[in-house]
Amino acid sequence: MLALLALLAAALAVNTLRKASTQIAVQPLAPLAIDAAAAAQHLAGAIRFRTISYDDRPDAPADELRKLQRYLEATYPRVHAALERERVGLSLLCTWKGSDPAAAPILLMAHQDVVPIAPGTEKDWLAEPFAGTVRDGFVWGRGAWDDKGNLIALLEAAELLARDGFKPRRTIYFAFGHDEEIGGENGAKRIAELLASRGVKLDFVLDEGLLITDGILRGLDQRAALIGVAEKGYLNVALSADGAPGHSSMPAPRSAIGTLAGALARLERDPMPAAMRGVAAQTLETLAPEMHGVNRVVLSNLWLFAPLVAAQFEKSASTNAMLRTTTALTVFNAGNKENVLPGRAQAIVNFRLLPGDNAESVLAHVRKTIGDDAVKIARADAYSPPSRISPTDSEAYRELARTVREVFPGTLVAPGLMLGATDSRYMAGLSDNIFRFSPVIAHAEDLARFHGTNERISVENFARMIAFYHRLLATSAGAPIQGRSPNS
């Protein structure tokens with residue numbers, strides 16, 4: 001027994017030590033000369049346009065979107081002089097023509113619309129959400145992070161490059177959707193169809209997404225930039241149950257509400273299985289050599305410790321979602337009077353699908369778990385399958401990783417899984433390299449600000465976003481930089 005334990009310990013040690021760092025060695029860049037105060041005011045100005053998307057009123061922000069676009073044209077004159085701008089509905093497709101027609105173009109994305117303020121929370125904001133306030137070193141307001149921050153940072157970077165006479169070698173596309181928050185059907189989807197009709201094939205696509213985490217990942221001393229190489233899909237499943245309507249003084253043994261509530265309880269109690277596979281495994285294996293002590297040993301030996309790690313991940317909502325297709329009970333409708341038994345109860349269950357799962361596998365799980373013919377099960381409205389997993393051994397991924405480490409010195413880079421949906425999913429037919437990453441440093445307390453109260457971004461953080469996009473555009477679309485090894 002002791003000999004077996006010794007062999008196991010030796011195997012763990014060897015496996016831990018032989019996993020070397022995969023981080024790209026770079027020289028940190030000198031800070032880019034940016035008028036951060038002016039750029040912050042430009043972002044604040046964009047926030048003042050109430051480009052709010054509503055599910056039931058998709059055209060509601062049309063006037064505000066047009067005003068925002070006129071503001072962008074006035075604020076970034078060099079960009080609009082250098083680029084061809086096309087309106088696709090209320091979305092924008094901008095083309096910066098490259099000098100080499102044989103070089104595959106690239107596409108950078110952001111969206112113009114924002115989510116509403118949750119009713120009743122207006123008083124909780126420390127700055128009026130659409131005032132575009134710059135105070136205490138932050139730009140405050142709805143869209144500061146999601147996603148006008150990315151939009152304005154891209155344009156600031158392009159304006160600086162245009163000012164300095166930059167001429168791209170390969171064509172650069174910018175796609176600025178107008179309805180991402182309600183599905184992107186009339187924005188990014190139409191832009192993708194337009195590019196496909198022109199036979200465009202892209203080297204890579206970069207959209208909003210995962211962040212540079214600081215102090216969020218346990219056992220990791222350094223910041224970690226997670227580049228989304230895939231995103232989860234979503235599927236809404238409609239459930240319903242019928243019962244005998246009548247007076248509540250004479251209830252039948254089984255009611256519509258009771259039948260459906262039991263089915264929902266079973267779905268919540270028995271979610272789809274978790275597994276340490278796919279992107280989650282890639283993330284941990286990439287970060288394992290950067291950790292210390294027990295964490296490094298455990299994550300370097302997932303062949304043995306995967307069940308232990310998965311059990312820990314399942315305790316947190318955010319990490320649990322990395323391991324499985326999640327089940328969320330989101331809508332329940334039944335009854336309209338306290339003394340009347342309803343004839344029907346209805347519910348919607350939202351599933352967020354891991355790459356590898358699909359609508360059929362989810363519906364099979366629902367039927368098996370509920371196990372009750374009295375409950376009707378059907379797909380509801382739109383279905384978006386999970387994305388493919390973009391390769392991390394491509395030059396496009398390495399370019400992103402290099403740029404992160406040049407602009408944010410000491411930051412680790414690892415692939416990650418985007419839990420929500422982005423406009424980039426519509427570009428799947430145009431490129432094998434689709435990435436979801438926002439170059440923003442985030443602390444744990446910042447995560448609740450997305451779609452929440454007191455959304456803000458620091459002026460320093462915003463300036464670094466601009467520097468990231470400036471460097472990425474210059475290196476990925478410009479002439480090769482002397483002394484920079486393509487495989488470094």
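A search of the whole structure, a predicted model, finds one cavity of 30 Å³ or more. A cavity is defined on a 1 Å grid over the protein atoms alone, as a set of points where a 1.4 Å probe fits but cannot get out. Grid points are joined across faces, edges and corners, and a volume is the space filled by probe spheres set on the points. The largest cavity holds about 40 Å³ of space. Its lining consists of Leu-72, Val-79, His-80, Leu-92, Cys-94, Leu-155 and Phe-176; lining residues have an atom within 4 Å of a point. By class, six of these residues are nonpolar, one is polar and none is charged. Here Ala, Val, Leu, Ile, Met, Phe, Trp, Tyr, Cys and Pro count as nonpolar, Asp, Glu, Lys and Arg as charged, and the others, Gly among them, as polar. Helix 4 (77-82) and strand 2 (91-96) each supply at least two residues of the lining. Helices (H or I, at least four residues) and strands (E, at least two) are DSSP runs, numbered from the N terminus.

Residues are numbered from 1 along each chain as its sequence is written, and side-chain values use heavy atoms, with hydrogens and water left out. In this predicted model, local features need pLDDT of at least 70 and side-chain atom pairs count only at pLDDT 80 or more, while totals for chains, interfaces and linings use all residues.

Four strands form an open, antiparallel sheet in the order 11-13-9-14. Two strands pair if DSSP finds at least two bridges between them. Strand 11 and strand 14 (375-384) are the edge strands, and each pairs on one side only. Neighbouring strands of this sheet are turned by 20° against each other on average, direction ignored. Axes are lines fitted to C-alpha atoms, for helices over the stretch in contact, and angles run from 0 to 180 degrees between N-to-C directions. Strand 9 (residues 233-242) and strand 13 (residues 344-353) pair antiparallel over 10 bridges. Within this pair, Asn-236 stands opposite Asn-350, and Tyr-234 has Arg-352 as its bridge partner. Strand 11 (residues 326-334) is joined to strand 13 by eight bridges, again antiparallel. Asn-350 in strand 13 also has Ala-328 opposite.

Contact means heavy atoms within 4.5 Å. Helix 12 (residues 359-370) lies across strand 9, strand 13 and strand 14, and runs at about 160° to strand 14.

A further open sheet has three strands in the order 4-5-17, with antiparallel pairing. Strand 4 (133-135) and strand 17 (456-458) stand at the edges with a single partner strand each, so one side of each is left without a neighbour in the sheet. Neighbouring strands here are turned by 20° against each other on average, direction ignored. Three bridges join strand 4 to strand 5 (residues 138-140). Thr-133 stands opposite Trp-140 in strand 5. Helix 2 (residues 36-47) packs on the sheet, touching strand 4, strand 5 and strand 17, and its direction makes about 10° with that of strand 5. Helix 14 (residues 459-477) also packs on the sheet and touches strand 4, strand 5 and strand 17. The direction of helix 14 makes about 75° with that of strand 17.

Most residues other than glycine have a negative phi, and most peptide bonds are trans. Asp-136, in the loop between strand 4 and strand 5, has a positive phi near 60°. The peptide bond from Asp-146 to Asp-147 is cis, with omega near 5°. Asp-147 lies in the loop between strand 5 and helix 5 (148-163).

Helix 9 (residues 293-300) and helix 10 (residues 302-313) pack at an angle of about 110°, with their axes 6 Å apart. Helix 9 is therefore roughly perpendicular to helix 10. Angles under 35 degrees count as roughly parallel, over 145 as roughly antiparallel, 65 to 115 as roughly perpendicular and the rest as oblique. Val-297, Val-298, Leu-299 and Ser-300 in helix 9 meet Leu-302, Phe-305 and Val-309 in helix 10. This contact has six nonpolar, one polar and no charged residues.

Notes: On a 1 Å grid over the protein atoms alone, a cavity is a set of points where a 1.4 Å probe fits but cannot get out, and a pocket is an open set with protein on both sides within 12 Å along at least five of seven lines; lining residues have an atom within 4 Å of a point.
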